[in-house]
Amino acid sequence: MPHPLKRLFQRPIIWLSNRFSSQPDKLQVFASLSQLQEEILKGNRQKGLIVPFDYEHSRFIIFSDQHKGGKDGADDFMAAEDNYVAALRYYYDKGYTFINLGDCEELWECPPATVIREYRNTLLEEARFLQQQRYFRVFGNHDLEWHYVVPRQQFLKDIFGKKLKVYEGLILQTRYQDQDYRIYLTHGHQGDQRSDGNAFSKWFVAAIWTPLQRFFDIRMDTLSDSFDLADRHNIMMYEWSIQYKKTFLISGHTHKPVFASLDHIDKLTKQLDKARARGDAEQVSILQKALAARQAEYAGKQLVKTMAHPSYFNTGCCCFSDGDITGLEIADGAIRLVKWKKDAQGNSRVVLEEAPLYYLFDQMT
């Protein structure tokens, strides 16, 4: 049974964390995303790369927000490690290029040396992709240190070697019907006043939140009051994306997966309504179970606004408390929202959503 003090103080502690965890400002989000995109398109390789790809044949897997910690009470990645490693081995064997989209390590809570020691084997699984020139890393607000040469050389060189670069963003570029289409990838913390270079927030997480998280055994993705802010930030990033023709935005940061600018809970709800209208009892049962699982993960919060234009995607995260992880595949002419879970049969890959890229390109013309 939980200690009475834990039950008494858990709710105010969650409120306090939410108070200091996220505060996206729309003007700053827009300005930061636009500036980074312009820098990459101008050829500023310190900011990011333009990566040509064949939309019909290239294969990418995009994960974010592992938050690898110190394997203690504040480590949100521990439960997901097995799923994550199984997924990496699958994608390595299938010839995918791995894009790690930020907050890969939890450096607000843990010293880099601790994370490297505890997750050395998992990091070596990532390094295999780099050895085959199939690895890109983007930094987030919780692993900003990796953008700088000195900490990268000090802590990551032994695992990844000298070739590792860490960028603020990437642009995947392809041709469809004689026109260029771009997929712009960045972590998504830009313009969040609590996350984007805020020294106070970093101190708060390290000095105040982490000890409380360990004591009260609170997981980041179970902070029920945080999802209004997560939705708000996702909506801002979606609204930014619709300004640019032939450009798609993929981010992480909010820990809430979004597919084709439509929140997964909202899509399941719409599918459930259609199944009920058809009288398809079997599909209704399947969708009800899937919806209940997603709502439990997001503490029942409802989507603030439906995003109908298919220009924005979010990877979700690799630190759900049940050990599941979500990510985005771009492969074989399609984009997919996938979940990896562990059950009696072992680690398994589940396709949650899928859309042909040509279909999305046609919607953007």
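Start with helices H3 and H5. H3 covers residues 81-93 and H5 covers residues 120-131; they pack at an angle of about 20°, with their axes 10 Å apart. Helices here are DSSP runs of H or I with at least four residues, strands are runs of E with at least two, and both are numbered from the N terminus. Axes are lines fitted to C-alpha atoms, for helices over the stretch in contact, and angles run from 0 to 180 degrees between N-to-C directions.

A word on the source. This is a predicted model: local features need pLDDT of at least 70, side-chain atom pairs count only at pLDDT 80 or more, and totals for chains, interfaces and linings use all residues. Residues are numbered from 1 along each chain as its sequence is written, and side-chain values use heavy atoms, with hydrogens and water left out.

Back to the pair. H3 and H5 are therefore roughly parallel. The cut-offs: under 35 degrees is roughly parallel, over 145 roughly antiparallel, 65 to 115 roughly perpendicular, and the rest oblique. Who makes the contact between H3 and H5? From H3, Glu81, Tyr84, Val85, Leu88, Arg89, Tyr91 and Tyr92; from H5, Thr122, Glu125, Glu126, Arg128 and Phe129. Contact means heavy atoms within 4.5 Å. These residues divide into six nonpolar, one polar and five charged.

H5 has another partner, H6, residues 149-160. Their axes come within 9 Å and cross at roughly 65°. That makes H5 roughly perpendicular to H6. Arg120, Leu123, Leu124, Glu126, Ala127 and Leu130 in H5 meet Asp158, Ile159 and Phe160 in H6. The tally for this contact is six nonpolar, no polar and three charged.

Glu126 also has a charged partner. Its side chain meets that of Lys68 in a salt bridge, 2.9 Å from N to O. The pair links distant parts of the chain: Lys68 sits in the loop between S2 and H3, Glu126 in helix H5, 58 residues apart. A salt bridge here is a side-chain nitrogen of Lys or Arg within 4 Å of a carboxyl oxygen of Asp or Glu. By that rule, the count is 20.

Now the sheet. Seven strands form an open sheet, in the order S5-S4-S3-S2-S12-S13-S14, with mixed pairing. Strands pair if DSSP finds at least two bridges between them. The edge strands are S5 (166-167) and S14 (346-356), each pairing on one side only. H5 packs on this sheet, touching S3 (97-100) and S4 (135-138), and its direction makes about 120° with that of S4. Further along, S2 (59-63) and S12 (325-331) pair antiparallel over four bridges. Phe60 stands opposite Ile330 in S12.

Next, S6 and S7. S6 (169-176) and S7 (179-186) run antiparallel, joined by eight bridges. Leu170 stands opposite Leu185 in S7. The two strands form a hairpin with two residues between them, and Gln177 in the turn has a positive phi of about 50°. S7 also pairs with S8 (247-251), in the parallel sense, over four bridges. Arg182 stands opposite Thr247 in S8.

Last, Lys246. Where is Lys246 found? In the loop between H8 (227-241) and S8. Leaving out residues up to four places away in sequence, Lys246 touches Gln179, Asp180, Tyr181, Arg182 and Met364. Lys246 and Asp180 are 66 residues apart in sequence, yet 7.3 Å apart in space, C-alpha to C-alpha.

Notes. Ala, Val, Leu, Ile, Met, Phe, Trp, Tyr, Cys and Pro count as nonpolar, Asp, Glu, Lys and Arg as charged, and the others, Gly among them, as polar.
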